[in-house]
Amino acid sequence: MSALFQPYSLRDVTIPNRAWMPPMCQYSAAPEGPLTGAPTDWHFAHYAARATGGTGLIIVEATAVSPRGRISPYDLGIWNDTQVEAFRRITRFLVEQGTVPAIQLAHAGRKASTDRPWKGGAPVGPQAHGWQPVGPSAVPFTEGYPAPTELTTTQIVEVVGEFAEAARRALAAGFEIAEIHGAHGYLIGNFLSPHSNHRTDEYGGSYENRTRFALEVVDAVRAVWPDDKPLFFRISATDWLEEDGWTPDETVRFARELHAHGVDLLDVSTGGNASGVRIPVGPGYQVPFAARVKAETPMPVAAVGLITDAEQAEKILANGEADAVLIGRELLRNPSWARQAAHEAGAEVRVPDQYHRSV
């Protein structure tokens, strides 16, 4: 029996299979005006196609908890009720297709205010809808990026509150799972890593201090997120630095603490916080980091990173390296990846009645 197409339950939510879609920014929201940050027809079509294709869980792309928390001016946000209403159209449709809707709550930190990737992705200023980024320390991401404004302790408390308010709105928008974005060099990851966090107060220096902000966000979100609904956390398991970076050992230690604070699953990625590092990219290159967390902690995990075919995904699950797999680029290429994989495995996923000829 295929492990990939077994249901998976966390708290009171059951996901119909283990083939999940990770957050992938579309950079397609309005940069200004009353619909700033709200999902558009593009977003609806994008997520609807993967739902009708049999994907068990869809995690909507990094959605900013405040305007300055966006990666680009074209990112989604969930800081106002207009955005909530626009998201409801998407969540309703996903639920109708049997797909569990999830959302990634995010703040871009020192990597905020950049252009769309297909326009070069460079930092942008006010003349292009940009703003001044913030971070734990006034340390720019890399050459050509502005030094972020160092957050005061009062401002840190305000950002924690923004995450909690975003979670309230995500619930009102119909999402069943919330994921906190702590990976890829964005604000929470900036605090975790000594590479980007040079503070000398209670939010910097020691491991305990560097993880303080992340745990405060988790606690604030968990306090408003219903007990019957799961909470995920996405982490970069390593900065891929030989020294002065976040490490796999710290990831394992932190996973235990996140679990104790009410996080139900760790979404394990890597990198993004240090430029110019060498990453051994290849099929399943991040899976060992997820496997280690699963082996050494009570935390369930999802694996991501160039997982492209059904046999590969099945092996990861059958070997006990992860509880679910996140299919990214391949789902961009093939929205019906899950249905195709189920056919190859002799399993089944829900097929819309309108597509009965395809069964």
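Ser196 sits in the loop that runs between helix 4 (187-192) and helix 5 (207-210); helices here are DSSP runs of H or I with at least four residues, strands are E runs of at least two, and both are numbered from the N terminus. In this predicted model, local features need pLDDT of at least 70, side-chain atom pairs count only at pLDDT 80 or more, and totals for chains, interfaces and linings use all residues. Residues are numbered from 1 along each chain as its sequence is written, and side-chain values use heavy atoms, with hydrogens and water left out.

Leaving aside residues up to four places away in sequence, Ser196 touches Arg110, Pro136, Ser137, Val139, Gly189, Asn190 and Asn273, a contact being heavy atoms within 4.5 Å.

Next comes strand 12 (residues 301-304), which is covered on both faces. In a regular strand, side chains alternate between the two faces of the sheet. Here Val301 and Ala303 lie on one side, Ala302 and Val304 on the other, and all are buried. Strand 12 runs parallel to strand 11 (residues 265-269), joined by three bridges; strands pair if DSSP finds at least two bridges between them. Asp267 has Ala302 as its bridge partner in strand 12. Three bridges also link strand 12 to strand 13 (residues 324-326), again in parallel, and Val304 stands opposite Leu326 there. From strand 12 the chain crosses through helix 9 (residues 310-318) to strand 13 in a right-handed β-α-β crossover, meaning that the path from the first strand over the helix to the second runs clockwise with the strands pointing away from the viewer. Strand 11, helix 8 (residues 287-296) and strand 12 likewise make a right-handed β-α-β unit.

Of its 39 lining residues, Pro23, His184, Tyr186, Arg234 and Arg329 are the closest to the centre. A pocket is an open set of points on a 1 Å grid over the protein atoms alone, where a 1.4 Å probe fits, with protein on both sides within 12 Å along at least five of seven lines; lining residues have an atom within 4 Å of a point. Helix 10 (residues 329-333) gives the largest share of this lining, four residues.

Key
Buried means under 20% relative accessible area, exposed over 50%, partly exposed in between (1.4 Å probe, protein chains only).
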